[in-house]
Amino acid sequence: MKEKVLKILLEADDFVSGQKLCEELQVSRTAVWKAIRRLQEDGYRIEAVTNKGYRLTHSSEADVLGQVELERALEPLSWAGHPVIFKAQTGSTNEDIFALSEQEYPQGTLVAAAAQTRGKGRRGRTWISPENGNIYMSLLLKPGNDLQPVQAPMTTLVAALAVYNALLELDLPETLRIGIKWPNDVVVSKEGGEFKKICGILTEMRMEEMEIRDVVVGIGLNINQTQIPEEVISTATSLKIAADRTICRTELTAALWRHFEEDYEAFLSAGDLSPLRETYEGALVNRNREVRVLDPAGEYSGTAKGITEAGELIVIRNEDGKEMHIGAGEVSVRGVMGYC
Ligand code: BTN
């Protein structure tokens, strides 16, 4: 009932009388009133005016997340988020996407969840995903012959850039810096402090003979979380903690996939990251900073300079001045003084 009332209010953009809601939904005034109360408890701002009815007042500070809102926010996009499936809780949105791909769901299918019970992180780690104001989502890509398996990891950098660009659109404090820690951690720094991670991306690919069968881009974004677990407090934060305000998860989701659509298409046409390289390097917090390359074949330090068109990190090695190109997935890179 709540969803049905919300849909009518969203579509109306003005007052809708209680009478009209009752008639359209074939329910009593009490049922309508209860649904309105529930929506208000969920964070929706709904004005109730005698003789006029109910009106939804939009506020980007209201954190709303649900099937109806996501569908509406993603509607203007060409293919990303078509369809979108919202789940209050799931195992892993990456796993959900693989299952939907089996059922012939198209490229662009998006699963978004408010909580995960088996969230997956990079390098076999777990992505702790309780219901805490964050968002966990995965997008299905079916590039066919447009993408070769060796190019697939670059999709992760495209996604990091999309998150970065979407965050820049938010009205955030000027003292908040947003950046990317190579290859795909989106990080923020508050008032000149250390950069901390607010987003992780896990791209997974499945092959069929010699071709890519499907790719899933999974993004976990710490948005309105207010408590950070002690174990990760030195390296992780949330947007709300950093920006000191609530962010609308639906709005951010739509902005993120809008950027992704555009950048992914540019990437596919070029066959590499050349069209995105400049913007990516502008966001790269490691740039011109000392990094420690944790290469299993021998660790070394150097200065990060940027990325290649394939998304490798360019590092000038301290010991001999040699230009090293580091592939994501091969080694880890840490800041000499801290996480970045
Ligand atoms: C990382 O380790 O930095 C990557 C974390 C990726 C987590 C996201 S949450 C949505 C999607 N579903 C998963 O199971 N993992 C990814």
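Biologist: Which element gives the most to the shell around the ligand?

Modeller: This is a predicted model. Strand β8 gives the most to that shell, with four residues.

Biologist: Which elements give two or more residues to the shell around the ligand, and where does the ligand sit?

Modeller: The ligand sits in the largest pocket. Elements that give two or more residues to its shell are α5 (93-102), β5 (135-141), β8 (196-208) and β9 (211-221).

Biologist: How many residues surround the ligand, and which are the closest?

Modeller: The count is 19 residues. S92, Q116, K120, R122 and K197 are the closest. By class, the shell divides into six nonpolar, 10 polar and three charged residues.

Biologist: How much of the ligand does the protein bury?

Modeller: Alone, the ligand exposes 420 Å². The protein buries 98% of that.

Biologist: Now salt bridges. What is the general idea?

Modeller: Side chains of opposite charge can pair when their charged atoms come close. With a cut-off of 4 Å between the side-chain nitrogen and the carboxyl oxygen, the count here is 19 salt bridges. One of them joins K7 and E11, with the closest N and O atoms 3.5 Å apart.

Biologist: Why are K7 and E11 separated by about one helical turn?

Modeller: Because they are four residues apart in helix α1 (residues 2-12).

Methods
Residues numbered from 1 in each chain as written. Predicted model: local features only at pLDDT ≥ 70, side-chain atom pairs only at ≥ 80, totals over all residues. Heavy atoms only, no water. Near = heavy atom within 4 Å. Areas by Shrake-Rupley, 256 points an atom, 1.4 Å probe, with all protein chains shown as cover. 1 Å grid on protein atoms, 1.4 Å probe; cavity = no way out; pocket = protein on both sides within 12 Å on 5 of 7 lines; lining within 4 Å. Sits in = over half its atoms within 2 Å of the grid points. Nonpolar A, V, L, I, M, F, W, Y, C, P; charged D, E, K, R; others polar.
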